[in-house]
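Hi everyone, thanks for coming.

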Amino acid sequence: MPRGLRETVLTRLRRANQRLTSNREALLEVLARSGTGPLTIPEILAVRPDLAVSSVYRNLVVLEQADVVHRVVAQGGFAHYELVEELTEHHHHVVCSNCGAVEDVPATATIERSVREAARQIARRTGFKTQRHRLDLFGLCQRCA
Ligand SMILES: [Zn+2]
Ligand SMILES: [Zn+2]
């Protein structure tokens, strides 16, 4: 894990009265290396078959509560895990309602401009000042469409 990332993780875990155990570090490394998007528990176990399923479950709960890991829930309550955006970079997701696949979509300047414009319209109507956003699109992936 890069030093800066490790420091932030340590701070957040300490704040939650938790430690960075070797199993938690292994989990975070798998999530940090995922190139395509958030991973399911079976996908994590495919990378690290040496980890016990029950400990993966327990540690993901701890890491989520410590605000280190974010859970994306797809159709049928199928959970996918990724590092929180403060530890990676801002991006969006597409979530397939048929097969449950969740993929990252880069937040391009054009998309961000459109989202800011949407936020401005909402502010005009409601007075709500948007500070950040999360954009998950639900539908059918290329394979399922
Ligand atoms: Zn699909
Ligand atoms: Zn965005």
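Let's begin with Asn 17, which is exposed, since 7 other C-beta atoms lie within 10 Å and 12 or fewer counts as exposed. One thing to keep in mind as we go: this is a predicted model.

Where does Asn 17 lie? You'll find Asn 17 in the loop between helix H1, residues 3-15, and H2. Its backbone is worth a look too: phi of Asn 17 is near 60°, a positive value in a residue other than glycine. As background, most residues other than glycine have a negative phi.

Now please move along to Asp 67, in the loop between H4 and strand E1, residues 69-73. Asp 67 is not a glycine either, and has a positive phi of about 65°. Is Asp 67 buried or partly exposed? Asp 67 counts as partly exposed, because there are 15 C-beta neighbours inside 10 Å.

How do H2 and H4 cross? The axes of H2, residues 22-33, and H4, residues 53-65, come within 10 Å and cross at roughly 80°. The two helices, H2 and H4, are therefore roughly perpendicular to each other.

And which residues make that contact? From H2 we have Asn 23, Arg 24 and Leu 27, while H4 brings Ser 55, Val 56, Asn 59, Leu 60 and Leu 63.

Note on methods. Residues are numbered from 1 along each chain as its sequence is written. Chains are lettered from A and ligands numbered from 1 in the order in which they are written. This is a predicted model: local features need pLDDT of at least 70, side-chain atom pairs count only at pLDDT 80 or more; totals for chains, interfaces and linings use all residues. Axes are lines fitted to C-alpha atoms, for helices over the stretch in contact, and angles run from 0 to 180 degrees between N-to-C directions. Helices (H or I, at least four residues) and strands (E, at least two) are DSSP runs, numbered from the N terminus. Angles under 35 degrees count as roughly parallel, over 145 as roughly antiparallel, 65 to 115 as roughly perpendicular and the rest as oblique. Two residues are in contact if their C-beta atoms, placed from the backbone, lie within 7 Å. A residue is buried if 20 or more other C-beta atoms lie within 10 Å of its own, exposed if 12 or fewer, and partly exposed in between; C-beta atoms are placed from the backbone.
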